[in-house]
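Me: I would like to go through this structure by question and answer, starting with the ligand.

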Amino acid sequence: MKIGIMGAMREEIEPILELVTEIDTEIDYANNKYYKAKYNDYELIIAYSKIGKVNSALTAATMIEKFNIDLLLFSGVAGAINENLKIGDLIIATKLCQHDLDITAFGHPYGYVPESKVFVETDEKLNNIAKKVAKKLNIKLLDGIIATGDQFIADNEKKEWIRKTFNADALEMEGASVGFVCDALNVPFFILRAISDSADMDAGFDFDKFLEGSAKNSAKFLIEMLEELE
Ligand code: 4EH
């Protein structure tokens, strides 16, 4: 089995590269680096896409079409919406949407374009494995809705609008684009995020302070999950 592991920023992927061994090759493709690695019996292909929906969609599609991955696991950080999520806490997405997609002028709901859907659902089996790992290691793990958009949110009003409109628990800038690519190409996917900030006035400051630690939390958990895959 070949597993794609991706993040958006270098900080999100570096701890994963440190935890896997036997890195053979580094492949340059489409303005990005793809790292081949092994973990137990799994072949891994690891990359950080760079920030945003376009970059992450390109990386997900490349992992599937060029590297033929069987499933995709995403690890990274997110801004919290749900008050039960504190800095460092983990959330897995049950479904994701694009909060910045707006053709409401034509009577469509936020996040919707014709012939598509507002929400894309993650793989239930992978989510159940995550829950099992969290239970086993006694780690707090929430599941919920993650909203994605090409904006760093550092504003309470905007955050509240995203909460209200999509019933979202956390927000970031890559999950939904990765999800829609995987969904279209029939590849099971999993989105894990650790909270780095609360998408409020202090978000910029908190993000800089907690990015590294939270990214590590997420990466470590993802590696633990590899032990439970069959
Ligand atoms: O990949 C982007 C990073 C922020 S932009 C999305 N990631 C982090 C998740 C995230 C997030 N997204 C939107 C964490 N908190 C978020 C928030 N809003 N409040 C970035 C960060 N550092 C340097 C350059 N760009």
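Me: How many residues surround the ligand?
Reply: This is a predicted model. I51, V77, I153, E174 and D197 are the closest residues to the ligand.

Me: What share of the ligand's accessible area does the protein cover?
Reply: On its own, the ligand has 530 Å² of accessible area. Of this area, the protein covers 83%.

Me: Is helix α3 roughly parallel or roughly perpendicular to helix α6?
Reply: Helix α3 spans residues 124-137 and helix α6 spans residues 203-226, and their axes come within 10 Å. The axes cross at roughly 105 degrees. Angles of 65 to 115 degrees count as roughly perpendicular. Therefore α3 is, relative to α6, roughly perpendicular.

Me: How many nonpolar residues are in the contact of α3 with α6?
Reply: From α3, the contact includes L126, I129, A130, V133, A134 and L137, and these meet F221, E224 and M225 of α6. Sorted by class, the contact has no polar residues and 1 charged residue. The number of nonpolar residues is 8.

Me: What distance separates the C-alpha atoms of L142 and D89?
Reply: L142 belongs to strand β8, residues 141-148. Beyond its neighbours within four places in sequence, L142 contacts N82, N84, L85, L90, I91 and I92. D89 is 53 residues from L142 along the chain, and the C-alpha separation of the two is 8.2 Å.

How values were computed: Residues are numbered from 1 along each chain as its sequence is written. This is a predicted model: local features need pLDDT of at least 70, side-chain atom pairs count only at pLDDT 80 or more; totals for chains, interfaces and linings use all residues. Side-chain values use heavy atoms; hydrogens and water are left out. Axes are lines fitted to C-alpha atoms, for helices over the stretch in contact, and angles run from 0 to 180 degrees between N-to-C directions. Helices (H or I, at least four residues) and strands (E, at least two) are DSSP runs, numbered from the N terminus. Angles under 35 degrees count as roughly parallel, over 145 as roughly antiparallel, 65 to 115 as roughly perpendicular and the rest as oblique. Contact means heavy atoms within 4.5 Å. Ala, Val, Leu, Ile, Met, Phe, Trp, Tyr, Cys and Pro count as nonpolar, Asp, Glu, Lys and Arg as charged, and the others, Gly among them, as polar. A residue is near a molecule or strand if one of its heavy atoms lies within 4 Å of it. Accessible areas come from the Shrake-Rupley method with a 1.4 Å probe; for residues, only the protein chains shown count as cover.
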